[in-house]
Amino acid sequence: MAKGIKLICLVISLLQTPFMPYLYTYAETDVQSDRIIATVNKDTITQSEADAFLNLIIMQLSQRYQGKHLQEKIDDEKKKLITQMIEEKIILQEAKRRHLEPRQDVLKKRIEQARKSYNSDADFEQALRLRGLTSKDLEKRMSEQMMVQQLIEQQVKSKIIVAPSQVTEYYGKHMADFLQPEMRTIETLYFKDKNITERLSLDLKTDTDFRQLADRYKIAYAKDAVSKPQLNPETQEAIFSLKINGISRPLELNEGIYVFKLLEIQPEEQKSLVDVHDWIYNYLLEQKSTVKLLEWLEELKSKAYIAVK
């Protein structure tokens with residue numbers, strides 16, 4: 001079941017994100033030799049459709065990953081592609097059976113958002129042409145996405161209830177998850193030139209304004225709030241041994257040199273139910289929606305004719 005939930009979650013995430021045609025090429029299929037790779041009821045899924053669907057997934061993944069990590073994600077999605085397409089096809093067929101239609105004003109707005117992500121209409125049209133797509137193809141794809149979203153809202157999300165008692169129960173069982181560790185607000189100077197270490201150390205004895213020192217020495221400055229679990233042992237020792245307004249000795253780490261100044265100590269704090277109520281509610285809603293969607297989709301699949309070539 002976990003595998004099925006993962007597949008459905010990806011379908012939902014793709015459908016919830018507006019179609020944004022990022023540049024990413026893929027091998028196009030010769031229409032004359034296009035073959036049927038699956039049949040879902042009276043509809044077929046062809047190789048060219050699978051190529052286009054994969055390209056859509058790639059465009060979505062490109063917003064979150066790059067380089068080797070992106071390629072690993074793409075390879076992983078290729079293995080699940082047909083299953084995902086069959087699931088979406090079944091949902092879309094049900095949406096059409098119920099005569100659902102996208103709101104034209106919302107559809108138009110989404111298309112305009114896609115256009116505005118490019119410098120000009122010409123760049124937008126060129127991006128579509130590079131994938132063998134037209135504006136009509138884009139409109140059709142967005143329309144289908146909206147129909148699927150609408151049906152999921154009707155048949156799944158609208159029927160999910162998260163009771164106040166469930167939020168309270170979750171909080172009681174996971175209080176440790178809402179324990180905010182002690183935090184330290186610090187300023188940091190960072191540089192690589194060891195030659196300035198001695199002069200900077202002398203200046204720090206009389207001038208503790210890190211921003212001014214960063215400007216004077218042309219070095220990096222940052223202000224952060226950190227906890228022990230975020231830091232390696234050496235940095236933990238340097239920061240958590242300081243008193244308020246205390247300044248650490250220069251610390252060499254990762255081919256650079258750091259100097260820390262402690263500004264504030266925020267003690268460990270147990271977040272109240274009021275503080276985390278919305279987070280818990282949304283988390284439980286998402287979990288229930290995922291399970292309900294899987295159950296609903298399995299019911300649709302049990303009534304459908306599915307053949308994979």
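1. Helix α9 (residues 210-217) lies across β4, β5 and β7 and runs at about 15° to β4. Contact here means heavy atoms within 4.5 Å. Axes are lines fitted to C-alpha atoms, for helices over the stretch in contact, and angles run from 0 to 180 degrees between N-to-C directions. Helix α10 (residues 233-240) also packs on the sheet, where it touches β4, β5, β6 and β7, and its direction makes about 155° with that of β6. Helices (H or I, at least four residues) and strands (E, at least two) are DSSP runs, numbered from the N terminus.

2. A note on the source. This is a predicted model, in which local features need pLDDT of at least 70 and side-chain atom pairs count only at pLDDT 80 or more, while totals for chains, interfaces and linings use all residues. Residues are numbered from 1 along each chain as its sequence is written, and side-chain values use heavy atoms, with hydrogens and water left out.

3. The sheet is open and has four strands in the order β5-β4-β7-β6, with antiparallel pairing. Its edge strands, β5 (220-226) and β6 (251-253), each pair on one side only. From one strand to the next the twist averages 35°. Two strands count as paired if DSSP finds at least two bridges between them. Strands β4 (residues 183-191) and β7 (residues 256-266) run antiparallel and are joined by nine bridges. Within β7, E264 is the residue that stands opposite T185.

4. In helix α5 (residues 121-130), the buried residues are F124, A127 and L128. These three cover an arc of only 100° around the axis, which puts them on the same side of α5. The arc is that of the directions from the helix axis to the C-beta atoms. An α-helix has 3.6 residues a turn, so residues three or four places apart point the same way. A122 and R129 are exposed on the other side of α5. The cover over the buried residues of α5 includes α4 (104-116) and α6 (135-155). Buried means under 20% relative accessible area, exposed over 50%, and partly exposed in between (1.4 Å probe, protein chains only).

5. The whole structure holds 20 salt bridges, each defined as a side-chain nitrogen of Lys or Arg within 4 Å of a carboxyl oxygen of Asp or Glu. One of them joins E125 to R115, with the closest N and O atoms 3.1 Å apart. E125 lies in helix α5 and R115 in helix α4, so this pair ties together parts that are 10 residues apart in sequence. E125 is partly exposed, at 23% relative accessibility.

6. Other salt bridges can be checked in the model. E153 pairs with K157, the closest N and O atoms being 3.8 Å apart; E153 is partly exposed at 41%, and K157 is partly exposed at 26%. E269 pairs with K271 at 3.9 Å between the closest N and O atoms. Both ends are partly exposed, E269 at 34% and K271 at 24%. A network of salt bridges links E88, K140, R141 and E144.

7. K73 lies in helix α3 (residues 67-97) and is partly exposed, with 28% relative accessibility. Leaving aside neighbours within four places in sequence, K73 is in contact with L61 and Y65. The C-alpha atoms of K73 and I57 are separated by 9.8 Å, and the two residues are 16 apart along the chain.
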